[in-house]
Amino acid sequence: MNKKVAILGAGVSGLTAAYLLDKEGYDVIVLEKKNAVGGSVESISEKGYMFDSGPNSALETTPLIEQIVNELNLKDEFVYANRKGNKRYILRESVLHPLPMNPISFFKSKLFSKGGKLRLFAEPLIGRSKDGYYQSIADFVKRRLGKEFLDYAINPFVAGVYAGNPENLSVKSAFPKLYDLEEKYGGLIVGTIKSIKERKNRPEVAKQSAKMFSFVSGMQILPETIAKNLGDKVHLQSVVTSVEKNSIGYKINYTSAGTPEILDCDFIVSAVPAYIASEIFSQLDKNVAEHLNNVYYPPVLVLYLAYNIKDVGRPLDGFGFLIPAKEKKSFLGAIWSSVLFPNRAPEDKAAFTLFVGGARDPMISTENKELLIKRIRDEFETIMKINADPVYLSYKFWPKAIPQYNIGYIEHENSFVKFEKENIGLILAGNYRDGISVGDCIKSAERILNKIKNLSN
């Protein structure tokens, strides 16, 4: 096609878009400032342990995932989560309670009080919100389902997915399908029932029913394999400094291993974090640069602990557990990594991944990491009935982790749309635009491909 597409950023969003565009015959180049691909997807192997310091798994929400895995010959690496992972726990009053997964288990559950359970029957009687665009997920859930459901279901869920605060996250921007159930059908229960047929006709799978997967060698093997497939189209240690318009489309100013370079291209796909995109496009559009810079990324510390299985007093029969804010613990939750996927630890060891901070506790940035980890360990070991030191400990601190789709995020989204209309051929992408999960990032590549194909015609 002789159309040159520059992809900024070699994370999952950028690499998947590059892969699909390359297959369609576009002249693709990927510019990545780091010396490795994957972005926040990072797998660390050491002393017989395998630790994903970013996303530890993904949901198979689109057929594109299977397609790419097959095309890249990753079938032997691809692995679904152990069925034990279907059981998830919530901490309440220092006791782990299974999260009920069907109506019968819900009414038998000790996680919610009788009053909390009865409150759900009022949900179909609740009307629509008058201002959904500026409504938090906390207000939305409290209004429709009650405060107890917010405190012991949605609050820990939001912490587990976004490392976020439900009082700040926008229901419209962060949970659009939930918001649409109310807008389209008038309620959650009625909407869930009525939308079942519609979902069956879509190629995508709903997140609540999609299978969880990872790779034997960890999540990073996916971006690494895509990059290997693209070969010399991926340029590492390439730092983009600014973008300008020119006669054919755009001129990109960047440095390659410290040497200034210029790249002319027809299209640009920006798949870098919002705060980096803000710097790149500040000369082109100060207004969008301000919106990009105001997307909030809280800090997250990911702590990996391993113990001798014989020292773990609690049965390892699930995915892990999440912690409501009301429990006042120092971490957000824990995944039982060695239960879910193979190759995470030696056979006689149990490995866990803990998540700390986020929007609930952004002050972890200023805390002494050794003291913080000691406090977390004490709490975790008490919950899991462990009376021994870990045999392995590692951690990764992300100063800016997951973008928060906070109340008023619609203003950011509107500015992004306006920017793209005024700069045809320039596309903003990544987890601050199309959803934060790995599956969302992969699906976004199809949107990018289709948009570029339409603009090429």
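What is the relative accessible area of Ile44, and does that make Ile44 buried, partly exposed or exposed?

Modeller: Please bear in mind that the model is a predicted one. Ile44 has a relative accessible area of 27% and is therefore partly exposed. The reasoning rests on two cut-offs: a residue is buried under 20% and exposed over 50%, and partly exposed in between.

Ile44 lies in strand 3, which comprises residues 43–46. Leaving aside residues up to four places away in sequence, Ile44 touches Tyr49, Met50, Phe51 and Ser53. Val95, by contrast, is 51 residues from Ile44 along the chain, and the C-alpha atoms of the two are separated by 32 Å.

Let us now turn to a helix. Helix 2 covers residues 63–71, and its buried residues are Leu64, Ile65, Ile68 and Val69. Several elements cover the buried residues of helix 2, including helix 1 (12–23), strand 5 (58–59) and strand 6 (78–80). Strand 9 (212–215), helix 11 (221–230) and helix 17 (438–456) are also among the elements that cover them.

Helix 2 is followed by Asn73. This residue is found in the loop between helix 2 and strand 6. Asn73 has a positive phi of about 55° although it is not a glycine. With a relative accessibility of 69%, Asn73 counts as exposed.

Ser94 is placed in the loop between strand 7 (88–92) and strand 8 (95–98). Its relative accessibility is 49%, so Ser94 counts as partly exposed.

Helix 11, one of the elements that cover the buried residues of helix 2, contains Asn229. The relative accessible area of Asn229 is 42%, which means that this residue is partly exposed. Not counting residues up to four places away in sequence, Asn229 touches Tyr19 and Leu72. From Asn229 to Ile268 there are 39 residues in sequence and 21 Å in space, C-alpha to C-alpha.

The C-alpha trace spans about 65 × 55 × 45 Å along its principal axes. Of the 457 residues, 54% are buried. Among contacts between residues at least 6 apart in sequence, 70% join residues at least 24 apart. The accessible surface comes to about 20900 Å², and 52% of it belongs to carbon and sulfur atoms. The protein has 60 positive and 52 negative charges, and the mean positions of the two sets are 7 Å apart.

Note on methods: Residues numbered from 1 in each chain as written. Predicted model: local features only at pLDDT ≥ 70, side-chain atom pairs only at ≥ 80, totals over all residues. Heavy atoms only, no water. Buried < 20%, exposed > 50% of the residue type's maximum accessible area, 1.4 Å probe, protein only. Helix = DSSP H or I, 4+ residues; strand = E, 2+ residues; numbered from the N terminus. Contact = heavy atoms within 4.5 Å. Areas by Shrake-Rupley, 256 points an atom, 1.4 Å probe, with all protein chains shown as cover. Lys, Arg positive; Asp, Glu negative; His and termini not counted. Charge placed at Lys NZ, Arg CZ, Asp CG, Glu CD.
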